[in-house]
Amino acid sequence: MIVAIDGPAGAGKSSIARQVANELKFDFLDTGALYRAATLGVIRAQVEFDDTQALIEVVRGIDLQWDGETILLSGEDVSNEIRSPTVTDAIRYLADEPAIRSQLSAQQRRIAEGRDIVTEGRDQGAEVFPEAECKIFLTASPEERARRRREQLTSTGRHMSFDQVLAAQNKRDREDESRAVGRLRAAEDAVILQTDAMTPEEVLAWVLTHVRSAI
Ligand code: C5P
C-alpha cells in the first residue's frame, strides 16, 4: 500500500509522514532528501548550475541510497548537510529539470516496490504514484507555516525574523508551484487537509484515521 503525502514547504509533511509510518509499521520515504542529496552531489562535483547537460550527467552518475531514515551520498550519511541553506537555495536547478525528475522519480518507485510505504514530497500523489491508495495534501497558510518554521529554527539555536522566513518560504512556494514537470499540486483524488487551526497531535490523529479507513 502506498500513502502519498504532498504539500508545500513547512506544512509538517515529514514529521507527520514519519509518525504515520511508525504507527502503521510502514516504511517511510522523504523524497525531498533525495533532491537535497543529489543537489549536494552536484555542489561537490563543482558543476555550474546553468550547465543543464552537465547537471544531468552528474546526477546520472550519483550514488544515492535511502535506508528508510538516512540518506547516503556515495555511502556517506549526509542527512544534516543536505539541510544547509546553500543546498536549499540550489535545489531548484535540479527540481526544474525534467530529465533529473524522471531519474529521481524512477528511484522513488524502485524504493517503494513491493512495500507498504508512506512517501512525502510535492508530486507523489499526482505524478510519481498516481496509483497510491491514499493521497493527502497537507497544507497551512503561508503565515502559519512561517510561524512554525521560525519556532523550529529558534529551538535549534538559529534565529531569523518572521519576515525573512516568510519571504524565503514564499520564494520556494512560487518555484515549487510553477515548474513545468512535477509541480506542487494536490492530485485530483487527494484529500486536502488545512491545518492552521490544528495541533500536530490533531493532524496526526486525523491522518491516521484517514489512512486506516483506506487500508
Ligand atoms: O521537502 P523538502 O523541503 O526537503 O524539499 C526540498 C525541495 O526539493 C522542494 O522545495 C522542491 O523544490 C524539491 N522537491 C521536489 N519534489 C519532491 C520533493 C522535493 O521537487 N518530490
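Which residue in strand 7 does Ile 5 stand opposite? The residue is Ile 136.

This is a predicted model, in which local features need pLDDT of at least 70 and side-chain atom pairs count only at pLDDT 80 or more, while totals for chains, interfaces and linings use all residues. Residues are numbered from 1 along each chain as its sequence is written, and side-chain values use heavy atoms, with hydrogens and water left out.

**The sheet**

Helices (H or I, at least four residues) and strands (E, at least two) are DSSP runs, numbered from the N terminus. Two strands pair if DSSP finds at least two bridges between them. Five strands form an open sheet with parallel pairing, in the order 2-6-1-7-8. Strand 2 (27–30) and strand 8 stand at the edges with a single partner strand each, so one side of each has no neighbour in the sheet. On average, neighbouring strands of this sheet are turned by 20° against each other, direction ignored. For such angles, axes are lines fitted to C-alpha atoms, for helices over the stretch in contact, and the angles run from 0 to 180 degrees between N-to-C directions.

Strand 7 (residues 134–139) has six of its six residues buried, so the rest of the structure largely encloses it. Buried means under 20% relative accessible area, exposed over 50%, and partly exposed in between (1.4 Å probe, protein chains only). In a regular strand the side chains alternate between the two faces of the sheet. Both faces of strand 7 are covered: Cys 134, Ile 136 and Leu 138 are buried on one side, and Lys 135, Phe 137 and Thr 139 on the other. Four bridges join strand 7 to strand 1 (residues 2–6), and the two run parallel. Strand 7 is also joined by four bridges to strand 8 (residues 191–194), again in parallel. Within that pairing, Leu 138 has Leu 193 of strand 8 as its bridge partner.

**Helices on the sheet**

Helix 1 (residues 13–24) lies across strand 1, strand 2, strand 6 (117–121) and strand 7, and runs at about 180° to strand 6. Helix 2 (residues 31–44) packs on the sheet, where it touches strand 2 and strand 6, and its direction makes about 45° with that of strand 2.

**Glu 120**

Strand 6 contains Glu 120. Glu 120 is buried but has no salt bridge, and the nearest side chain of opposite charge, Lys 13, is 4.3 Å away. A salt bridge is a side-chain nitrogen of Lys or Arg within 4 Å of a carboxyl oxygen of Asp or Glu. Lys and Arg count as positive and Asp and Glu as negative, with His and the chain ends not counted. The side chain of Glu 120 does make a polar contact with that of Ser 14, at 2.5 Å. A polar contact is a pair of N or O atoms within 3.5 Å; within protein, one must be able to donate a hydrogen and the other to accept it, and residues adjacent in sequence count only if both atoms are side-chain atoms.

**Loop residues**

Ala 132 lies in the loop between helix 6 (124–128) and strand 7. Ala 132 and Ala 214 are 82 residues apart in sequence and 10 Å apart in space, C-alpha to C-alpha.

Most residues other than glycine have a negative phi. Phi is positive in Gln 46 and in Ser 74.

| Residue | Phi | Relative accessible area |
|---|---|---|
| Gln 46 | near 55° | 72% |
| Ser 74 | near 45° | 57% |

Gln 46 is in the loop between helix 2 and helix 3 (52–61), and Ser 74 is in the loop between strand 4 (71–73) and strand 5 (76–77).

Conventions. Contact means heavy atoms within 4.5 Å.
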